[in-house]
Amino acid sequence: MDLVIAVGGGGQHIALAIARLLRLEGLADPIEAFVIDADSDSRLAQKVRTFGNTVTPQCPHPLAGAQTIVPPFARDTMHETQFRKIFIDDRAAPLEREMFELFYDEESGGVDGGIGPSGGVDIGKGMFANPSVGSAVFASSKEGAMDPLFGLARTAARIFVVGSFLGGTGAGIMHQLIKLVRETVGPARPIYGSFLLRWFDLPPTAGQTVDTATLLASMGHGLEYFYRYTKHLLDASMLVGVPDNPPPQVKAVPAASDNDETVSLYPLLAAWSLVMLPDKTDTQARAAHRTYGLTHDDNDPIWALRRSWNSPRNPNSQDARLGARIVEAVVLQEIYSSFRVKDSDFTEFDYEKARTTWGSLIGNVAKKNNTSATALARGVLSALEARGAQLRFASWWFGQVFGDADLSQFGDTRARQLYAARKHRTWKAPDAFKILVDAFQFESTAGAERSKLHDPTPEALMAEKIERSLLAALRG
Amino acid sequence: MLHSLIPGADVAPSTDTFAIDQKKGAWTPPHTHLRTRSFPTPFAQAEMMSHVLGLLSLDPGARQPEPETLNPRLQQSFERWRLMLLALVLGEVTLETIDLRRPEVDNFGAMLADLRPECRFFGLIRDARRSGLEGRKLLVGATDPLCLLWCAPRAARENYWSELKTRIDASADRAEALKLLADWRAALDRTGVWQPGHELAPPWMKALEVLLGDRVQPSGVLHTDARFVGPVRLRVVPRAGGDADETIAYLPVREPGWAARFAELLFFQPVRRDAGTVDLLDPNGRSVLTVRMAPRDPTQEAGNAPARAAQGADRASTAGFELLAGVGRLEGATNTARGHGQAHWLEDHANAPGYRSLVLNPLLSAAARSHKRMQVSEADVQAAPILYPDTVRLVIGQAEAADGADVRIHLSREVTNRVATGTPAPQTGVSMAKWTPGSPLPRIVAVPGSTGTLSVGLVERFGPATRTVDVGELRALGLSLWLYFTGEAELRADGARVLWTADEGKDLFGRVLVQSAERPLEVLRDAIAAVHGDTERLRARDRLATLQRFRATWRTVGEGENDRVEVQAARLARVAADTFIEWVMGAPSPGAAAVTLGSFGLRATAPAEQYVIAGAAKIPLFLDVFARSE
């Protein structure tokens with residue numbers, strides 16, 4: 001099992017990209033995530049936790065562990081959220097008071113009895129791009145909150161720490177976290193880092209405490225700190241951010257409002273580190289830590305889709321490129337939509353060879369579960385639709401990132417043909433049933449693969465089996 | 001076209017990935033946007049000082065950046081660093097090392113110590129003249145391995161830095177402070193770690209080089225006029241190559257004559273105390289100074305806050321951090337008035353361990369652990385004194401400076417009363433087993449026949465040529481022998497004193513008790529007083545014939561085997577007699593013609609009596625053959 005530790009808002013963006021890739025088999029299982037952020041209720045956090053409201057008991061989150069966002073400190077049980085009062089109470093000795101004021105100025109650390117701004121940072125309202133405060137709060141209260149992480153880290157084969165050097169929370173705790181994880185797992189376990197530099201712009205709004213210049217200061221000073229103290233703790237790392245004179249495809253995008261997901265290529269590129277860094281690293285030569293950057297070719301804006309991310313196994317694909325996985329996702333969504341054109345075709349098994357293929361199998365399962373074949377088929381259709389929603393959540397994002405790119409060159413032969421039919425609007429519902437029937441031949445092979453579902457219903461299991469069989473047919 | 005997906009990329013890429021092994025300059029925010037709180041650490045102020053010092057150029061003609069002029073929120077600057085360093089050297093600010101795990105620093109200190117265990121022993125810079133919180137000295141900065149010093153961000157509101165600038169730049173001693181820093185830099189250079197131009201050179205090294213440049217040259221007073229404070233951890237670049245490393249070094253504070261004053265401390269008896277210290281006691285048993293030999297125990301210092309002690313002060317080991325934890329530090333006032341000790345306590349005495357056993361050797365072991373070495377020798381200390389506390393480096397330096405005398409001696413009050421700061425008292429005297437008759441007269445003599453580890457010392461004079469302290473014990477003993485020769489003095493019946501019977505029976509020399517211990521030979525006050533006036537000298541010059549016989553008598557004394565104690569005692573008496581004659585004849589009487597002693601005269605062939613120092617060690621007492629007829 002690989003462990004992805006996603007820290008702060010940047011980390012959540014990368015975790016979302018990884019989850020989407022996992023759903024498409026763009027990355028190899030198993031990967032587990034540990035997501036850390038102070039705010040677990042933002043729109044972004046909700047999107048991470050629910051995979052865009054697609055997670056149900058029968059359709060799990062593609063990235064295990066991402067359903068929970070762990071605060072870096074026990075904010076809910078803190079008696080005080082004012083940064084100063086976390087350390088300085090009425091009993092504080094003069095030396096401790098002096099020390100606190102030695103380390104923090106009035107704006108961050110406030111003054112005795114200060115109210116409002118003169119009280120210093122109120123972490124209950126955020127870190128306000130103040131990594132020096134975030135790091136102190138984390139250092140003082142990490143005990144307990146991070147214990148589950150260290151347990152996961154001890155059993156992980158490889159560890160990836162992902163996040164950004166912008167902002168306050170993630171940027172503030174990232175370095176300590178890497179140090180603690182390294183101390184936990186020892187020198188032999190591979191730990192990689194993938195970090196976003198500047199990748200979005202804040203709108204120029206007067207009077208706000210954080211602007212793009214603030215983010216750039218955090219980035220610059222964070223990198224200075226990274227190169228001085230943190231880099232050598234990692235086996236390899238990757239930095240990615242907007243270049244000085246970017247072509248249109250890789251420009252900084254405006255940050256989403258209301259703490260929602262900011263749709264951008266950069267989190268996907270950061271996720272590429274899960275493939276690229278282990279590939280480039282000789283773990284027997286630890287001293288040779290390297291930090292990598294990526295190159296963008298503006299003559300080939302979809303170069304990232306052309307890279308081989310993962311070679312799916314059972315069913316095998318001849319095309320390991322990410323574009324192939326997106327093509328499959330698009331085709332699968334089209335198939336599931338076609339089943340809904342006329343529900344009864346699917347639920348009453350009113351398609352050619354239905355009774356000798358899936359109709360028979362579903363009938364047998366229904367009989368075992370004391371239900372009718374039609375009722376079970378109806379449930380399977382709902383489960384397929386839920387799976388389709390997850391695929392849509394993933395492929396929609398790729399569409400936003402790469403625009404209306406022509407993917408017809410990607411995928412195995414059958415997938416490519418069906419993608420072309422969809423693209424040229426020649427797709428017909430019977431096409432979906434035809435490949436469904438063709439897929440039945442893989443029911444006992446690819447379709448019999450061990451389920452990834454926990455306590456699945458018969459409907460969910462059948463939907464999972466159908467999707468696997470369909471993928472086998474698309475790749476066959 | 002290919003683009004590096006990285007801000008500030010300066011080279012067009014040719015492959016799909018590229019290495020970024022160095023931080024890119026373009027990532028550094030412009031001066032106007034330097035933002036201390038953006039450093040992801042509570043030590044952000046130190047990081048910013050390192051950043052600002054790192055901007056300095058070693059090019060002598062370069063105009064140095066002053067980001068603080070463009071960014072008024074910036075509290076760290078080279079100018080403030082300069083002021084704080086000079087203030088430290090001039091004693092305007094003090095360096096106080098605290099243990100972040102002390103109960104008083106509670107969970108804030110524990111958090112800092114957890115985060116950077118290597119910084120657990122943390123240096124605070126306080127202004128000696130300004131009051132801060134609850135009347136404590138104002139906290140104005142702190143130490144850090146990378147930048148050495150950083151500024152308290154709230155001190156500016158006290159208008160502190162402009163006031164400090166006035167004090168420092170107006171100081172008459174500023175140039176001397178810079179020279180002392182140049183000495184310190186030279187000491188670092190000798191240890192092989194001074195490389196300000198190295199790509200891995202820490203910012204403090206760069207800043208010190210910018211401050212001193214080639215303009216300020218060492219004055220060579222680090223060993224004499226500087227008191228060391230600290231230590232502090234410092235990032236250095238080993239000359240042998242490799243990665244940056246850290247060392248523990250002490251910082252100099254200008255204090256003229258400090259080494260000489262410290263040397264006086266070794267005349268106080270070291271006594272080990274339960275509190276992990278060694279006290280230096282004056283002759284009256286009062287503690288003059290304390291040397292810390294073990295780190296303070298935070299739990300013992302919790303006082304009325306034991307709960308806090310339990311929370312904040314864990315039992316983290318200080319092994320390997322002894323120097324940082326204060327081991328070797330001097331505590332207590334060094335300026336309290338006290339008498340000067342009569343014996344040098346570097347080595348063990350008969351019944352009590354000395355400074356080497358109680359302090360120096362344990363500190364060398366502690367230093368070895370702190371410097372991660374198998375052992376530290378005295379040669380190591382001499383090669384790199386800035387790595388060791390005063391309690392080590394000044395002792396070793398002092399032993400090196402001692403004269404050629406080889407026997408440790410116990411001094412009389414006549415000597416210690418004359419000790420002046422800056423002229424160290426003698427520690428050793430010349431053995432009469434090594435002095436041969438006819439060779440130059442020694443100025444300090446170890447009296448033979450002693451049974452303890454220290455010999456009685458007789459001191460004619462001591463100190464360097466420019467600051468010679470005249471005591472006169474040898475010529476006073478010679479005067480006594482002269483008075484006996486002329487019949488004016490007698491050996492008391494009990495053999496314990498020689499009395500000036502012709503002058504109210506004054507005591508000339510004999511046995512005395514010093515702190516319940518017998519001193520078998522001491523030249524007494526009246527004899528000393530007599531050789532500090534002209535009366536007896538002129539009286540002796542008026543008796544040249546007798547003086548010739550006196551000299552002739554002693555010219556044959558002291559021959560024999562060196563290891564025979566009676567020969568050594570006779571030599572002592574001969575040295576005293578010759579020193580007396582030298583004194584008598586040395587300065588002519590005002591208005592009188594110069595005279596010389598002839599080499600003829602009837603000598604006394606056998607002593608009339610002998611003063612027994614101990615056992616066979618006896619001072620022969622000769623009586624002039626004409627003494628009874630004159």
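**Where the two chains meet**

In this predicted model, 65 residues of chain A are in contact with 52 residues of chain B.

**The chain A side of the contact**

- Seven elements of chain A each supply at least two residues of the side that touches chain B: α4 (94–103), α5 (106–109), α6 (131–141), α8 (169–185), α9 (212–230), β7 (236–240) and β9 (290–297).
- Helix α9(A) gives the largest share of that side, with 13 residues.
- Sorted by class, the side of chain A that touches chain B holds 34 nonpolar, 19 polar and 12 charged residues.

**A strand pair and a helix pair across the chains**

- β9(A) pairs with strand β1 (residues 2–4) of chain B in the antiparallel sense, over three bridges.
- If you want a place to look in this pair, B:Leu2 in β1(B) is the bridge partner of A:Asp297.
- By class, the residues of the contact of α6(A) with α4(B) are four nonpolar, two polar and one charged.

**Strand β7 of chain A**

- Five of the five residues of β7(A) are buried, so this strand is largely enclosed by the rest of the structure.
- A:Ala236, A:Met238 and A:Val240 point one way from β7(A), while A:Ser237 and A:Leu239 point the other way.
- Strand β5 (residues 191–196) of chain A runs parallel to β7(A) and is joined to it by five bridges; here A:Ser237 is the bridge partner of A:Gly193.
- β7(A) also pairs with β9(A), in the parallel sense and over three bridges, and A:Met238 stands opposite A:Tyr292 in β9(A).

**A sheet in chain B**

- Four strands of chain B form an open sheet in the order β9-β10-β11-β12, with antiparallel pairing.
- The edges are β9 (269–273) and β12 (330–331) of chain B, each with a single partner strand, so one side of each is left without a neighbour in the sheet.
- β9(B) and strand β10 (residues 277–281) of chain B run antiparallel and are joined by five bridges, and B:Leu281 in β10(B) is the bridge partner of B:Gln269.
- Helix α10 (residues 355–370) of chain B lies across β9, β10 and β11 (287–292) of chain B, and runs at about 65° to β9(B).

- The model scores ipTM 0.90 and pTM 0.84.
- Chain B averages a pLDDT of 88, and 91% of its residues score at least 70.
- Among the elements of chain B, strand β6 (residues 148–151) has the highest mean pLDDT (98) and helix α9 (residues 306–312) the lowest (43).
- Over residues 302–315 of chain B, pLDDT stays under 50, and the model has 25 contacts beyond four places in sequence for them.
- Where pLDDT is low, the predicted coordinates should not be read in detail.

Terms used: Residues are numbered from 1 along each chain as its sequence is written. Chains are lettered from A and ligands numbered from 1 in the order in which they are written. This is a predicted model: local features need pLDDT of at least 70, side-chain atom pairs count only at pLDDT 80 or more; totals for chains, interfaces and linings use all residues. pLDDT is the predictor's confidence in each residue, from 0 to 100. Two residues are in contact if their C-beta atoms, placed from the backbone, lie within 7 Å. Ala, Val, Leu, Ile, Met, Phe, Trp, Tyr, Cys and Pro count as nonpolar, Asp, Glu, Lys and Arg as charged, and the others, Gly among them, as polar. Two strands pair if DSSP finds at least two bridges between them. A residue is buried if 20 or more other C-beta atoms lie within 10 Å of its own, exposed if 12 or fewer, and partly exposed in between; C-beta atoms are placed from the backbone. Axes are lines fitted to C-alpha atoms, for helices over the stretch in contact, and angles run from 0 to 180 degrees between N-to-C directions.
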